[in-house]
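Take a look at the fold below.

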Amino acid sequence: MNSPEIEELKRLVKEKYEDTLATSTDFEVFSLMLKKKYNATVSTSTLKRLYNYVGDEHTPRVATLNVLARYIGHADYTKFVAWRRRVRATTRRSLTPTNS
């Protein structure tokens, strides 16, 4: 099972992509788009494993996570994780009742 950060990254990537990632062709098209846009190779097989299209539980490489983080607007995966933690901390604080 992937970490909550990786699951959130996957969700945000799918949300931004606005197309399906449900067939081999979908993953091929997405992989080619990443190659063209970022000059970085994320193989179709890697994407299929990441999105559970094939039943192979491997932790993705940081290079893969970096490309996906860049796709959704972050400098790299580390920056994405830091951003996610800030957002979660802010959300928790705003939900905490204050004493009046």
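**A walk through the helices**

At 11% relative accessibility, R84 counts as buried, where buried means under 20% relative accessible area, exposed over 50% and partly exposed in between, with a 1.4 Å probe and protein chains only. R84 is found in helix α5. Leaving out residues up to four places away in sequence, R84 touches P4, E5 and E8. Contact here means heavy atoms within 4.5 Å.

This is a predicted model, in which local features need pLDDT of at least 70, side-chain atom pairs count only at pLDDT 80 or more, and totals for chains, interfaces and linings use all residues. Residues are numbered from 1 along each chain as its sequence is written, and side-chain values use heavy atoms, with hydrogens and water left out.

Now the overall plan. The protein has 5 helices and 0 strands. From the N terminus on, its elements run α-α-α-α-α. Helices (H or I, at least four residues) and strands (E, at least two) are DSSP runs, numbered from the N terminus. Along the principal axes, the C-alpha atoms fill a box of roughly 55 × 30 × 25 Å. Of the 100 residues, 36% count as buried. Among contacts with a separation of 6 or more, 57% come from residues 24 or more positions apart.

Next, the core. Which residues touch the most other members of the largest nonpolar core? They are L9, V13, F30, L34, L68, Y71 and F80, out of 24 residues in that core. A nonpolar core is a set of buried Ala, Val, Leu, Ile, Met, Phe, Trp, Tyr and Cys residues joined through side-chain atoms within 4.5 Å. The elements that give two or more residues to this core are α1 (4–17), α2, α3 (44–50), α4 and α5 (77–95). Take L68 from that group. Leaving aside neighbours within four places in sequence, L68 is in contact with L9, V13, F30, L34, L47 and L50.

How do the helices meet? Start with α2 (residues 24–38) and α4 (residues 62–71). Their axes come within 11 Å and cross at roughly 80°. That makes α2 roughly perpendicular to α4. Axes are lines fitted to C-alpha atoms, for helices over the stretch in contact, and angles run from 0 to 180 degrees between N-to-C directions. Angles under 35 degrees count as roughly parallel, over 145 as roughly antiparallel, 65 to 115 as roughly perpendicular and the rest as oblique. From α2, F30, M33, L34 and Y38 meet V67, L68, R70 and Y71 of α4. By class, the residues of this contact are 7 nonpolar, no polar and 1 charged. Ala, Val, Leu, Ile, Met, Phe, Trp, Tyr, Cys and Pro count as nonpolar, Asp, Glu, Lys and Arg as charged, and the others, Gly among them, as polar.

The axes of α1 and α2 come within 13 Å and cross at roughly 90°. That makes α1 roughly perpendicular to α2. V13, K16 and Y17 of α1 make the contact with D26, V29, F30, M33 and K37 of α2. This contact divides into 5 nonpolar, no polar and 3 charged residues.

Now the rings. The structure holds 6 aromatic pairs. The rings of F27 and Y53 have centres 5.3 Å apart and planes at 55°, so this pair is tilted. Rings of Phe, Tyr and Trp (its six-membered ring) pair if their centres lie within 6.5 Å; planes under 30 degrees apart count as stacked, over 60 as edge-to-face and the rest as tilted. F27 lies in helix α2 and Y53 in the loop between α3 and α4, so the pair ties together parts that are 26 residues apart in sequence. Buried or exposed? F27 counts as buried at 0% relative accessibility, while Y53 counts as partly exposed at 38%. Elsewhere, Y17, F30 and Y71 form one aromatic cluster.

Last, the backbone. N39 is found in the loop between α2 and α3. Its phi is near 50°, a positive value in a residue other than glycine. N39 counts as exposed, at 61% relative accessibility. N52 lies in the loop between α3 and α4. N52 is not a glycine either, yet has a positive phi of about 60°. Just after α4, G73 takes a positive phi of about 105°.
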